[in-house]
Amino acid sequence: MIEDNCITRQRITTVERLIRPYIRRTPVIEVDGGDFGLGGIHLTFKLELLQHTGSFKPRGAFTNLLLREAPAAGVVAASGGNHGVAVAYAGMKLAKRATIFLPSVAAKTKMDRIRSYGAELVITGDRYADALAACQKWTAESGAMPVHAFDQEETLLGQGTVGLEFDAQDPKLDTLLVAVGGGGLIGGMAAWYGGRVQIIGVEPEAAPTLARALEAGKPVDAEAGGIAADSLAPKRVGELMFPIAQKYVTRVALVTDEAIAEAQKTLWSILRIASEPGGAAAFAALLSRRYEPKPGERVGVLLCGGNTTAVNFN
């Protein structure tokens with residue numbers, strides 16, 4: 001197991017400079033908690049769903065393709081959707097052949113975007129684990145460079161740049177809520193903050209990957225279903241992020257599918273932000289009181305994905 005000292009603030013800073021020409025510095029919006037019935041707290045949303053391809057994933061994708069040498073066979077990735085879109089986009093921008101394996105649960109909008117970027121798309125199995133197994137088999141046969149969605153050092157470093165940006169945009173945060181799938185995002189961000197803020201992981205009850213891992217003391221298989229299955233249900237968290245989570249993630253809040261759907265509706269109703277289920281999960285922990293801030297607490301919420309075609313949540 002690689003220790004968390006491989007994912008350092010210095011290395012994240014270096015990576016941020018490397019990928020800066022290829023990614024957006026996504027904005028934040030400060031909101032009074034009372035707008036959402038959460039009086040007495042200050043909310044800062046980071047709108048990472050405005051990143052290229054509609055999620056934070058290009059950060060890790062570009063880090064991989066810029067730091068590693070891809071062979072003639074190109075790059076290959078397995079994904080629930082957003083990582084595949086990001087690798088396809090990075091491949092297009094950097095003129096690298098890309099092959100993406102997705103499960104059938106992936107949203108059609110994500111499939112369409114992958115094809116639009118010129119990547120070869122393979123649909124296989126029902127869940128991310130099925131796509132990953134097929135991807136690993138194809139990698140061995142083709143010699144292509146695998147770009148893992150979360151369990152890859154370069155991926156963690158790239159996702160850590162979200163923390164670097166958010167820290168600069170709101171340096172007074174007390175707490176940060178981050179959705180968890182395989183853990184690349186929360187792992188990279190937790191490594192950046194290094195315990196300087198309270199970090200709460202948020203997972204669907206139907207896909208409690210980090211919660212189960214923390215209970216067991218190691219990554220273990222968990223349920224992989226629910227409304228956000230195409231982005232937050234990889235079966236288990238990554239080996240590389242786990243020691244970081246043990247050290248720096250305060251706890252995990254589990255939310256229901258109904259709470260995630262309500263968070264989507266509320267974001268649309270109040271802010272006119274259209275988020276996919278995984279992107280709204282962190283906010284769902286606040287709305288459903290699965291995380292209850294103290295009076296005066298300054299809370300950061302990462303809205304990490306917006307690849308949805310459903311813009312009328314009423």
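Contact here means that heavy atoms lie within 4.5 Å, and the exercises below apply this to a predicted model.

**Exercise 1. Determine which residues of helix α1 are buried, where they sit around the helix, and what they pack against.**

Step 1. Helix α1 covers residues 9–19, and its buried residues are I12, V15, E16 and I19. Viewed down the axis of α1, these buried residues fall within an arc of 105 degrees, so they line one face of the helix.

Step 2. Turn to the other side of α1, where Q10 and R17 are exposed.

Step 3. Applying the contact criterion, one finds that the buried residues of α1 pack against α2 (58–67), α6 (153–169) and α7 (184–193).

**Exercise 2. Describe how α6 is placed relative to α1 and to α2.**

Step 1. Two packed helices are described by the angle between their axes and the distance between the axes, and both quantities are needed for each pair.

Step 2. For α1 and α6, the axes come within 8 Å and cross at roughly 90 degrees. Angles of 65 to 115 degrees count as roughly perpendicular, and α1 and α6 are therefore roughly perpendicular to each other. The residues that meet include I12, V15, E16 and I19 on the α1 side, with L157, G158, T161 and L164 among those on the α6 side.

Step 3. For α2 and α6, the axes come within 7 Å and cross at roughly 130 degrees, which makes α2 oblique to α6. The crossing of α2 past α6 is right-handed. In this pair, R59, G60, T63, N64 and L67 of α2 meet α6 residues that include E154, T155, Q159 and V162.

**Exercise 3. Locate T53 and R289, which have a positive phi without being glycine, and decide whether each is buried or partly exposed.**

Step 1. Most residues other than glycine have a negative phi. T53, however, has a positive phi of about 70 degrees, and the phi of R289 is near 65 degrees.

Step 2. T53 lies in the loop between β2 (42–47) and α2, whereas R289 is found in the loop between α11 and β10 (298–303).

Step 3. Buried means under 20% relative accessible area and exposed over 50%, with partly exposed in between. T53, at 3% relative accessibility, therefore counts as buried, while R289, at 41%, counts as partly exposed.

Step 4. To complete the setting of T53, list its contacts, not counting residues up to four places away in sequence: T53 touches P58, V85, A86, Y89, R113, Y117 and N307.

Conventions:
Residues numbered from 1 in each chain as written. Predicted model: local features only at pLDDT ≥ 70, side-chain atom pairs only at ≥ 80, totals over all residues. Heavy atoms only, no water. Buried < 20%, exposed > 50% of the residue type's maximum accessible area, 1.4 Å probe, protein only. Helix = DSSP H or I, 4+ residues; strand = E, 2+ residues; numbered from the N terminus. Arc of directions from axis to C-beta. Axes fitted to C-alpha atoms, helices over the stretch in contact; angles between N-to-C directions. Parallel < 35°, antiparallel > 145°, perpendicular 65-115°, else oblique. Left-handed = near helix turned anticlockwise from the far one by under 90°.
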